[in-house]
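Me: Hi! I've got a structure to look at for class. Could you walk me through some of it?

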Amino acid sequence: MTTPGHPPRDRPDAHVVAPHRLGSAGATDRRVGNDSHLDDSHLDRSVRPGTPLGEWLEAGPPDRVVLLGLLLVAAVLRFAFLAGRGAWDADQGHDMLVLHALVFDGRIPLLGPPTSIGDIHHGAVYYYLLAPLAFVSRADPTIVVSGLAAAGTAAVGVVWWLARSIGGRLAGAIAGLLIAVSPSAIEASTFLWNPNAIALTAAIALAGAWRAHTSRRTRWWIVSGLGVGLTMQLHVLGVGLVVPVVGLFIWGWRRGSPGATFDRRRAALAGLAAVGLIVALYVPLIVNELTTNFAETRAALAYLSEPRAAESLDPVSRLLIVFLRIVSWPLVGLITDAAIPGLLASMGIIATVAWRWRSSDPAERHAVRWFALSVAWSAAFLTVAAQGLTSVIPGLPNDHYHAFVDPMVFTLGGLGLAAVARGRGQRPGRDAAGAVLVTIALGALLLVDIGRWSPTVSADLGWPGASSAATRVVASAGGRPIVLSGLPRFKGTGAYAFPLVRAGHPVRSATGPDALGSPDADPRTDALVIVCDRLFEAVLLARCGGPAEDEYLRGQRDAASLYLADRFEASPRTVISVYLSIENSSDAAAP
């Protein structure tokens with residue numbers, strides 16, 4: 001059995017670099033500058049056996065053992081304590097409300113989760129991907145999140161394959177290890193959020209494009225197109241991945257020739273099929289636009305026409321900040337939490353590009369240039385399209401805008417460290433020094449990552465905490481229908497609306513994007529439940545736990561007929577207050 005991109009073990013030339021084919025005559029040329037064609041012979045390349053490390057790897061464990069080891073490490077780090085480990089807030093509750101309505105009521109969503117920019121939404125395919133897990137588990141959030149944990153684990157395998165196909169066994173092993181232990185990649189696998197599967201979809205897009213480019217097997221462009229389309233569905237800014245993939249397609253198109261194995265006609269057909277696949281993923285959005293008088297289009301145009309506040313930073317400074325966040329995030333997490341390691345990791349990636357830009361290996365040279373230009377493009381694109389990347393909001397998820405760049409960074413890291421470890425095969429002492437240096441670097445990075453791994457229990461107590469809080473709300477409401485209201489008002493209440501709905505308790509309304517039923521409450525028969533988020537007390541101009549709720553009630557009709565039946569901390573960040581009507585209360589202690 002062989003692994004993808006690796007030769008059969010019984011081939012006598014299994015570890016010999018095959019010459020690049022030039023035309024139909026079979027002439028060979030190994031000159032550094034002649035890389036007009038990249039066939040798939042480089043996929044048969046193993047680590048150079050001239051170095052001590054290379055010789056050890058040649059006799060070391062087979063690829064399948066390395067891959068299984070990486071997947072096992074990734075799975076343990078992602079699935080352990082999954083029930084309460086991931087964040088649970090309004091976004092997660094909203095998504096589960098949509099999935100609950102889809103699998104139990106048959107309400108098919110045509111739009112995905114709302115974005116942070118007005119009334120624009122991400123793609124609905126996100127919900128369709130999670131729907132089977134929601135169906136078989138009766139909308140159990142832990143089971144649904146396990147799908148994202150599985151996707152994060154699978155992304156490790158794809159990144160391993162991509163780096164190995166470019167730089168050999170050692171590059172694949174290092175890149176796979178980098179993503180397996182990455183704190184940001186682990187965190188993204190432990191809670192429900194639409195960008196969290198992008199590591200897998202973007203890796204599929206990049207690996208498919210690279211395989212198509214190097215092997216001339218055009219059907220891989222369709223695989224790449226699927227990855228691009230899914231990335232765009234998971235986040236609107238995933239459109240940034242189109243340029244790197246299309247750029248590689250054009251690069252291969254222009255450098256092909258009738259005498260090479262590259263078939264322009266088949267490539268064009270595969271490209272059209274990929275585009276058609278991407279368009280098919282947008283069918284729900286098209287249906288929505290045709291049935292709502294192009295509501296999403298009008299919302300996007302309205303957002304683009306809004307005046308923008310003047311930026312406090314100049315364009316160069318913004319670009320530098322975005323670049324540092326893009327490069328450091330996959331390796332060490334949020335740069336504001338690990339500034340020195342983040343800067344060192346960024347410098348390492350820059351050094352890799354500068355060093356391997358003129359690699360003597362055509363495949364590695366092509367790949368490094370492609371990834372470097374793609375990262376540069378992504379930084380420029382996001383500097384304009386995601387202005388929020390120039391600031392960090394503590395307590396909220398960060399850096400999801402550039403998730404599609406993460407596989408590129410992991411692969412570049414694998415290529416650079418593998419090149420250091422390989423040495424030149426001529427100076428044993430120098431080669432050993434390179435292996436020691438890489439071991440130290442990986443060890444230091446692992447120590448940083450361990451300190452940045454997500455805890456076993458989320459700071460907001462996760463889904464179990466929300467479920468427990470909803471049970472207390474039901475008890476305090478005494479069986480009355482519940483009206484949920486969030487503070488501030490733009491904050492959705494889905495985090496607590498979902499456990500109530502899943503338990504079958506009547507919820508008449510909710511503020512924010514999770515509005516359910518009529519917005520009008522009847523204070524004589526309903527329980528008013530206010531969910532106050534301490535993270536936004538500066539916006540409320542009042543503290544949760546009394547002042548903010550009192551200010552809210554002063555603006556409500558019949559507020560004088562309500563009394564506070566219960567108030568408690570659902571999490572260190574959230575205060576829940578339950579109000580009942582004095583007239584209809586049997587509580588003798590009510591004022």
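Predicted model: local features only at pLDDT ≥ 70, side-chain atom pairs only at ≥ 80, totals over all residues.

Me: Okay, and in which sense do β1 and β3 pair?
Reply: They pair in the parallel sense, over six bridges. Strand β3 covers residues 527–533, while β1 runs over residues 482–487.

Me: How many of β1's residues are buried?
Reply: Six of its six residues are buried, so the strand is mostly covered, with buried meaning under 20% relative accessible area.

Me: And which residues sit on each side?
Reply: I482, L484 and G486 are on one side, and V483, S485 and L487 are on the other. Both faces of β1 are covered.

Me: What kind of peptide bond joins L487 and P488?
Reply: That one is a cis peptide bond, with omega at about -5°. P488 itself is found in the loop between β1 and α21, the helix at 494–502.

Me: Changing topic: helices! At roughly what angle do the axes of α2 and α7 cross?
Reply: They cross at roughly 10°, and the axes come within 9 Å. Helix α2 spans residues 63–79 and helix α7 spans residues 169–181. Because angles under 35 degrees count as roughly parallel, α2 is roughly parallel to α7.

Me: Which residues make the contact?
Reply: From α2 you have D63, V66, L70, V73, A74, L77 and R78. From α7 there are R169, G172, A173, G176, L177, I179, A180 and V181.

Me: One more topic, backbone angles. What is phi of A139 near?
Reply: Phi of A139 is near 60°, a positive value in a residue other than glycine. You'll find A139 in the loop between α5 (125–136) and α6 (141–167).

Me: Is A139 buried or exposed?
Reply: A139 counts as buried, because its relative accessibility is 0%.

Me: And what about N293, what is its phi near?
Reply: Phi of N293 is near 55°, which is again a positive value in a residue other than glycine. N293 lies in the loop between α13 (283–291) and α14 (295–305).

Me: Buried or exposed for N293?
Reply: N293 has 57% relative accessibility, so it counts as exposed. The cut-off for exposed is over 50%.

Note on methods
Residues numbered from 1 in each chain as written. Heavy atoms only, no water. Axes fitted to C-alpha atoms, helices over the stretch in contact; angles between N-to-C directions. Helix = DSSP H or I, 4+ residues; strand = E, 2+ residues; numbered from the N terminus. Parallel < 35°, antiparallel > 145°, perpendicular 65-115°, else oblique. Contact = heavy atoms within 4.5 Å. Buried < 20%, exposed > 50% of the residue type's maximum accessible area, 1.4 Å probe, protein only. Pairing = 2+ DSSP bridges.
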